[in-house]
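Welcome! Please take a moment to look at the structure below before reading on.

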Amino acid sequence: MPLLTLLLATPSQILDTSSDRRFMGTYSFSPEFEKRFLELEKKFPRRSSLVLWSLHLAQEDIGYITPEAVDYIAGRVGVSPAWVKGVVSFYSMFREKPIGKYHLNVCSNLMCQIMGADKIEATICDKLGIRDGETTPDGKFTYTRQVECLAACGFAPAMLVNNDFHETLTPENVARLIDDLASKG
Ligand code: FES
């Protein structure tokens with residue numbers, strides 16, 4: 001573990017198995033995700049098709065896509081690290097740094113803009129005290145306005161909270177949603 005990372009890490013990060021693999025500068029799927037990868041391997045005869053799914057597994061496993069995870073997936077699938085990195089940078093659902101437990105991602109496209117996404121953004125930012133791309137100090141919420149059309153234009157404005165859709169947003173129902181999430185811990 002690099003010295004600076006070691007100094008900044010909490011005891012649980014140092015002891016946690018999945019964090020260890022990340023901090024040690026290496027990565028491999030944890031046993032549960034290895035099992036899921038082996039299942040996926042059977043379904044995709046063309047190995048390059050495994051890249052996207054492997055990235056989803058790695059992100060679920062350790063929270064975001066590290067350079068070590070890129071190298072590992074490239075090796076497991078049999079493509080170059082540049083290929084894997086290209087997929088990571090193309091799709092907005094892949095993260096290259098840690099984010100909060102709840103990721104509020106407001107649709108950035110035209111219909112949501114017309115239907116009041118600015119007011120939704122203002123409510124989120126005021127309530128959480130963060131701006132686009134930031135995470136609350138307690139690590140609970142991250143806000144971005146990054147995702148493209150969620151195919152929910154008829155129910156705009158819309159956003160994702162992690163992988164869940166939330167539509168027909170108003171400042172009031174977004175504020176309530178944040179309160180609910182905050183109370184869940
Ligand atoms: S523009 Fe936001 S869901 Fe289509």
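Here is a short briefing on the model, grouped by topic.

This is a predicted model, in which local features need pLDDT of at least 70 and side-chain atom pairs count only at pLDDT 80 or more, while totals for chains, interfaces and linings use all residues. Residues are numbered from 1 along each chain as its sequence is written.

**The overall build**

- The chain has 10 helices and four strands; helices (H or I, at least four residues) and strands (E, at least two) are DSSP runs, numbered from the N terminus.
- Starting at the N terminus, the order of elements is α-α-α-α-α-α-α-β-α-α-β-β-β-α.
- Of the 185 residues in the chain, 24% are buried; a residue is buried if 20 or more other C-beta atoms lie within 10 Å of its own, exposed if 12 or fewer, and partly exposed in between, with C-beta atoms placed from the backbone.
- Taking the contacts between residues at least 6 apart in sequence, 58% join residues at least 24 apart; two residues are in contact if their C-beta atoms, placed from the backbone, lie within 7 Å.

**Strand E1 and its partners**

- Strand E1 covers residues 102-106, and four of its five residues are buried, so the rest of the structure largely encloses it.
- E1 pairs with E2 in the parallel sense, over four bridges; two strands pair if DSSP finds at least two bridges between them.
- Histidine 103 has threonine 142 in E2 as its bridge partner.
- E1 and E3 run antiparallel and are joined by three bridges.
- Valine 106 has methionine 159 in E3 as its bridge partner.

**The annotated cysteines**

- In an unreviewed UniProt entry, the annotation "binding site" covers Cys107, Cys112, Cys149 and Cys153.
- These four span 47 residues in sequence, yet no two of their C-alpha atoms are more than 9.7 Å apart, so they gather at one spot.
- UniProt positions are given in the numbering used here, feature names are shortened, and annotations may be inferred rather than shown by experiment.

**A closer look at the loop between E2 and E3**

- Cysteine 149 lies in the loop that links strand E2 (141-144) and strand E3 (159-161), and cysteine 153 is found in the loop between E2 and E3 too.
- Cysteine 149 has 14 other C-beta atoms within 10 Å, so this residue is partly exposed.
- Cysteine 153 also counts as partly exposed, because it has 17 C-beta neighbours inside 10 Å.
- Apart from neighbours within four places in sequence, cysteine 149 is in contact with Cys107 and Asn109.
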